[in-house]
Amino acid sequence: MPNIPLLKQAKYSINMDVGCMIDLEWIQSLENGGAKDAMTRSREELIEDFKAYYG
């Protein structure tokens, strides 16, 4: 399991460039176990989007 507090610390406290590189939707997905909710797509949707963008 990733260290979610460490990811949040990196996103919000290092600098703007790092903050922009760490996606809030990924953090929310890690926090809710990958389930889809009103603010976050499912883990599978996030992975497919990542693959389509970088593939």
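How exposed is Glu48: buried, partly exposed or exposed? Glu48 counts as partly exposed, at 47% relative accessibility; here buried means under 20% relative accessible area, exposed over 50%, and partly exposed in between (1.4 Å probe, protein chains only). Welcome to the close-up views.

This is a predicted model, in which local features need pLDDT of at least 70 and side-chain atom pairs count only at pLDDT 80 or more, while totals for chains, interfaces and linings use all residues. Residues are numbered from 1 along each chain as its sequence is written, and side-chain values use heavy atoms, with hydrogens and water left out.

**View 1. The whole chain, with four helices and zero strands.**
Helices (H or I, at least four residues) and strands (E, at least two) are DSSP runs, numbered from the N terminus. Along the sequence the pattern reads α-α-α-α. The C-alpha atoms fill a box of roughly 30 × 25 × 20 Å, taken along the principal axes. Of the 55 residues in the protein chain, 24% are buried.

**View 2. The largest pocket, holding about 190 Å³ of space.**
Rolling a probe the size of a water molecule over the atoms shows where empty space is left. On a 1 Å grid over the protein atoms alone, a pocket is an open set of points where a 1.4 Å probe fits, with protein on both sides within 12 Å along at least five of seven lines; a cavity is a set of points where the probe fits but cannot get out, and lining residues have an atom within 4 Å of a point. Grid points are joined across faces, edges and corners, and the volume is the space filled by probe spheres set on the points. Look for Asp23, Glu25, Trp26, Arg41, Leu46, Asp49, Phe50, Tyr53 and Tyr54, which line the largest pocket. Helix 3 (24-31) and helix 4 (43-54) are the elements that give two or more residues to this lining. Helix 4 gives the most, with five residues. By type, the lining has five nonpolar residues, no polar ones and four charged ones. For this count, Ala, Val, Leu, Ile, Met, Phe, Trp, Tyr, Cys and Pro are nonpolar, Asp, Glu, Lys and Arg are charged, and the others, Gly among them, are polar.

**View 3. A nonpolar patch on the surface, formed by Phe50, Tyr53 and Tyr54.**
Together these three residues have about 430 Å² of accessible area, found by the Shrake-Rupley method with a 1.4 Å probe, where for residues only the protein chains shown count as cover. Patches are made of residues with over 30% relative accessible area and no salt bridge; like charges are joined within 9 Å, and nonpolar side chains (Val, Leu, Ile, Met, Phe, Trp, Tyr) within 5 Å. Phe50 sits in helix 4 and counts as partly exposed, at 46% relative accessibility.

**View 4. Glu25 and Arg41, paired in a salt bridge.**
Side chains of opposite charge can pair when their charged atoms come close. A salt bridge is a side-chain nitrogen of Lys or Arg within 4 Å of a carboxyl oxygen of Asp or Glu. Here the N to O distance is 2.9 Å. Glu25 lies in helix 3 and Arg41 in the loop between helix 3 and helix 4, so the pair ties together parts that are 16 residues apart in sequence. Glu25 is buried at 16% relative accessible area, whereas Arg41 is partly exposed at 31%. Glu25, Arg41 and Asp49 are linked in a network of salt bridges.

**View 5. Two further salt bridges, Glu45 with Lys36 and Lys51 with Glu48.**
The closest N and O atoms of Glu45 and Lys36 are 3.7 Å apart. Glu45 is partly exposed, at 32% relative accessibility, and Lys36 is exposed, at 58%. For Lys51 and Glu48, the closest N and O atoms are 3.2 Å apart. Lys51 and Glu48 both lie in helix 4, three residues apart, about one turn of the helix. Lys51 is partly exposed, at 47% relative accessibility. A search of the whole structure finds five salt bridges.

**View 6. Loop residues Ile22, Asn32 and Gly33.**
Ile22 lies in the loop between helix 2 (16-21) and helix 3, and is buried at 18% relative accessibility. Asn32 belongs to the loop between helix 3 and helix 4 and is partly exposed, at 27%. The C-alpha atoms of Asn32 and Ser42, ten residues apart along the chain, are separated by 9.7 Å. Gly33, found in the loop between helix 3 and helix 4, is exposed at 64% relative accessibility.
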